[in-house]
Amino acid sequence: MLTTDAVLTVLRPVQDPELQKSLVELNMIRDVAIAGGTVSFTLVLTTPACPLREFIVEDCEKAVKTLPGVEKVEVTVTAETPQQKSLPDRQSVGQVKNIIAISSGKGGVGKSTVAVNVAVALAQTGATVGLLDADIYGPNAPTMLGLSGAAVQVQNSPQGEVLEPVFNHGIKMVSMGFLIDPDQPVIWRGPMLNGIIRQFLYQVNWGALDYLIVDMPPGTGDAQLTLTQSVPMAGAVIVTTPQTVSLLDARRGLKMFQQMGVNVLGIVENMSYFIPPDLPDRQYDLFGSGGGEKASKELNVPLLGCVPLEISLREGGDKGIPIVVSQPESASAKALTAIAKQIAGKVSMAALV
């Protein structure tokens, strides 16, 4: 006879490919039920954006079908994103489980484009996601999300005034762009910048989030120090282009996070090559090639992915419709979605190891 114990026994050797541990021991197999020759159970992944979801489900089905009498296997897939480990000298942000910085050593490499599309791609998988635009001097995220005319609401609470984030394309967001006129420059010294970033962290009604993506300003200045010294971070992602000048600055930014004790999840090479719209099979290395891969090997951090430059990617940012929404089958969107899943997998692995 088929029994629950027999099902769990054959599933015990099946491992999470990234954690290298048994699904049963990780309590990822739940609610086993048997009805005649049908075996059903729930597979609880560590992130809705699990990049290896299909492989894990297939391994589970194969294992259960080895039992005599099994005619059908039904797997219900859900997810519980783990909370990043706390640190004694850092203050967590409410119900936010994981804070991820998207940073770059220099401006103009498409960091905000990567941050916005990664956030939206994670939300598309079913995760709850927020975007904190910490690029105080150049807040472009509202435009990229179609929210350039939006305004945040302020609510009173026992702890003081709390900002209500705006919402679009499945994510919550706050930005300096909502608090100033479009042409108004932010002429602030470090202490004022530190104050607004802390306000965006602790005085915003973020609610329960699986991921809070922080779009950092370029460089290694006050904003980076404020973030790394304030909150326990799940990790940082460094965005670069293939050209040497960008890679030199990216290396400095990467080393800064490592010196601050922040786990560098990997490098994203943006603008890897240009795909002309009239010749989609052609690729032009406008900014060189192979720089991200070379840097990842030299610095011993993963290359999370390479994002091609397409006109539709730029148009999506200008129109406020991220390319993972407007053209999900494009090369750029596929690359950004795969990068988002890589980030989610590495964040969960770091929290559980």
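## A cavity inside

The largest cavity in this predicted model holds about 50 Å³ of space. Rolling a probe the size of a water molecule over the atoms shows where empty space is left. Counting cavities of 30 Å³ or more, the structure holds one.

Which residues line the largest cavity? Its lining is made by Gln83, Gln84, Lys85, Ser86, Ser92, Val93, Val96, Lys97, Ile99 and Pro232.

## A nonpolar patch on the surface

Now let's turn to the outside. Leu279, Tyr284 and Leu286 form a nonpolar patch on the surface, and together they have about 270 Å² of accessible area.

Look for Tyr284 in the loop between β14 (264-274) and α8 (291-299). Its relative accessible area is 35%, so Tyr284 counts as partly exposed, a class that lies between the 20% and 50% cut-offs.

## A buried valine

Is Val116 buried or exposed? With a relative accessible area of 2%, Val116 is buried, because buried means under 20%. You can find Val116 in helix α3, which covers residues 111-124.

## Pairs of opposite charge

Side chains of opposite charge can pair when their charged atoms come close. How many salt bridges does a search of the whole structure find? The search finds twelve.

One of them joins Glu58 and Lys62, at 3.2 Å from N to O. Both residues sit in helix α2 (residues 53-64), four residues apart, which is about one turn of the helix. Glu58 is partly exposed, at 37% relative accessible area. Another salt bridge links Arg90 with Asp89, at 2.5 Å from N to O. Here Asp89 counts as exposed, because its relative accessibility is 55% and the cut-off is over 50%.

Next come Asp215 and Lys111, whose side chains meet in a salt bridge of 2.8 Å, N to O. Asp215 belongs to strand β12 (residues 211-215) and Lys111 to helix α3, so this pair ties together parts that are 104 residues apart in sequence. Asp215 and Lys111 are both buried.

Which residues join this pair in a network? Through salt bridges that share partners, Lys111, Asp135 and Asp215 are joined into one network.

Conventions: Residues numbered from 1 in each chain as written. Predicted model: local features only at pLDDT ≥ 70, side-chain atom pairs only at ≥ 80, totals over all residues. Heavy atoms only, no water. 1 Å grid on protein atoms, 1.4 Å probe; cavity = no way out; pocket = protein on both sides within 12 Å on 5 of 7 lines; lining within 4 Å. Points joined across faces, edges and corners; volume = space filled by probe spheres on them. Patch = residues over 30% accessible without salt bridge, like charges linked within 9 Å, V, L, I, M, F, W, Y side chains within 5 Å. Areas by Shrake-Rupley, 256 points an atom, 1.4 Å probe, with all protein chains shown as cover. Salt bridge = Lys/Arg side-chain N within 4 Å of Asp/Glu carboxyl O. Helix = DSSP H or I, 4+ residues; strand = E, 2+ residues; numbered from the N terminus. Buried < 20%, exposed > 50% of the residue type's maximum accessible area, 1.4 Å probe, protein only.
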